[in-house]
Amino acid sequence: MHGLVVLDEDDDVIRPAILWNDGRTQKETDYLNNEIGKDKLSEYTANIAFAGFTAPKILWMRENEPDNFNKIKKIMLPKDYLAYKLSGTFCTDYSDASGMLLLDVKNKCWSKQMMEICGVSEEQLPKLFESYEVVGTLKEDIAEELGLSKEVKIIAGAGDNAAAAVGTGTVGDGMCNPFPLGTSGTIFISSKTFGVDSNNALHSFDHADGYYHLMGCMLSAASCNKWWMDEILKTKEYSKEQEGITKLGENHVFYLPYLMGERSPHNDPKARATFIGMSMDTTREEMTQAVLEGVAFGLRDSLEVARSLGIKIERTKICGGGAKSPLWKKIIANVMNLKVDVIESEEGPG
């Protein structure tokens with residue numbers, strides 16, 4: 001989601017894609033939130049600006065790469081580039097487009113105000129589809145190259161978390177999922193009606209099921225544990241490092257999981273990770289436990305925002321690499337005070 005892919009009049013990629021976790025757009029994000037105003041942004045798009053969103057990236061290009069900006073004929077998201085190359089259809093879906101800060105999420109159309117602010121036209125933006133809709137079939141030359149029928153259908157697709165929600169049955173009204181413990185971590189709540197929290201701490205997006213969802217996204221989830229194991233402890237034996245952790249709720253070491261800044265609900269790309277509470281008696285196991293707990297409490301921040309809206313959540317499903325850890329699943333259940341369902345298939349956003 002959120003990655004900026006731009007093509008010129010010859011359909012050549014103008015510059016390398018600026019990805020979802022790129023924090024270079026702080027100046028542009030501050031401009032949108034403070035000068036255009038969060039109230040206006042929420043009115044136009046149901047969201048405020050985050051450094052990872054696509055619109056700030058477009059403004060960054062306009063300011064820092066004006067020659068490249070002036071060449072732009074098509075603006076799309078990474079998956080949409082694949083659909084375009086395969087089918088020739090310039091398209092995106094509502095769930096992924098919701099994270100661009102260019103879409104009027106409630107009314108499912110491009111926001112004229114945001115296009116004006118970013119200096120782009122509707123002709124430069126893709127046609128909008130529901131995630132499950134057919135956008136075209138394989139181009140003849142591509143079909144021949146791949147040895148496939150040109151009747152093969154190309155589907156619009158979805159943003160990763162919306163796809164993961166569908167994959168785990170989180171559709172309809174009031175379902176919660178998944179706390180995916182992947183690189184990033186999210187709380188995802190599906191809804192049949194449109195809604196926005198008063199502080200825009202959660203993202204309000206269109207869902208891949210044709211309705212809506214609220215989502216809180218933290219940038220570093222399982223990646224915190226990967227960093228701790230791979231870079232600091234220099235080990236790949238993740239489960240072995242957790243074997244000595246038995247005293248849940250008694251740890252005096254705390255970890256803030258902001259290795260790449262943070263999105264929900266703090267919206268601060270300059271936030272940084274830290275350990276606190278250590279003493280001469282602090283053990284390796286306590287620091288490992290703190291990392292797992294820190295991610296769980298980071299997710300709980302977004303859960304509390306959802307609860308403040310009166311949304312009653314009693315259980316959640318869990319998926320992602322971190323869900324392989326029995327200890328981490330137990331910590332999640334304890335910290336969230338939720339029943340956690342583990343699905344039988346290792347279902348991910350794909």
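The legends below describe close-up views of a predicted model.

**View 1. Helix 9 and the elements around it.** Helix 9 spans residues 222-232, and its buried residues are Ala222, Ser223, Cys224, Asn225, Trp228, Met229 and Asp230. These buried residues pack against helix 10 (238-242), strand 13 (254-256), strand 14 (274-276), helix 11 (284-308) and helix 12 (326-336). Just after helix 9, Lys234 adopts a positive phi of about 60°.

**View 2. The aromatic cluster that includes Tyr255 and Phe275.** Trp227, Trp228, Tyr255 and Phe275 are linked into a cluster by ring pairs. The ring centres of Tyr255 and Phe275 are 4.9 Å apart with the planes at 45°, so this pair is tilted. Tyr255 belongs to strand 13 and Phe275 to strand 14, 20 residues apart, and the pair thus links distant parts of the chain; both residues are buried.

**View 3. The edge-to-face pair of Phe194 and Tyr212.** Among the eight aromatic pairs in the structure, Phe194 and Tyr212 form one that is edge-to-face, at 5.7 Å centre to centre and with 70° between the planes. Because Phe194 lies in the loop between strand 10 (185-191) and strand 11 (203-206), while Tyr212 lies in strand 12 (residues 212-218), the pair ties together parts that are 18 residues apart in sequence. Phe194 is partly exposed, with a relative accessible area of 29%, whereas Tyr212, at 15% relative accessibility, counts as buried.

**View 4. Strands 15 and 16, which run parallel.** Strand 15 (residues 315-318) is joined to strand 16 (residues 339-342) by four bridges, and Ile318 stands opposite Val342 of strand 16. The chain passes from strand 15 through helix 12 to strand 16 in a right-handed β-α-β crossover.

Conventions:
Residues numbered from 1 in each chain as written. Predicted model: local features only at pLDDT ≥ 70, side-chain atom pairs only at ≥ 80, totals over all residues. Heavy atoms only, no water. Buried < 20%, exposed > 50% of the residue type's maximum accessible area, 1.4 Å probe, protein only. Helix = DSSP H or I, 4+ residues; strand = E, 2+ residues; numbered from the N terminus. Contact = heavy atoms within 4.5 Å. Pairing = 2+ DSSP bridges. Right-handed = clockwise from strand over helix to strand, strands pointing away. Phe/Tyr/Trp six-rings, centres within 6.5 Å; stacked < 30°, edge-to-face > 60°.
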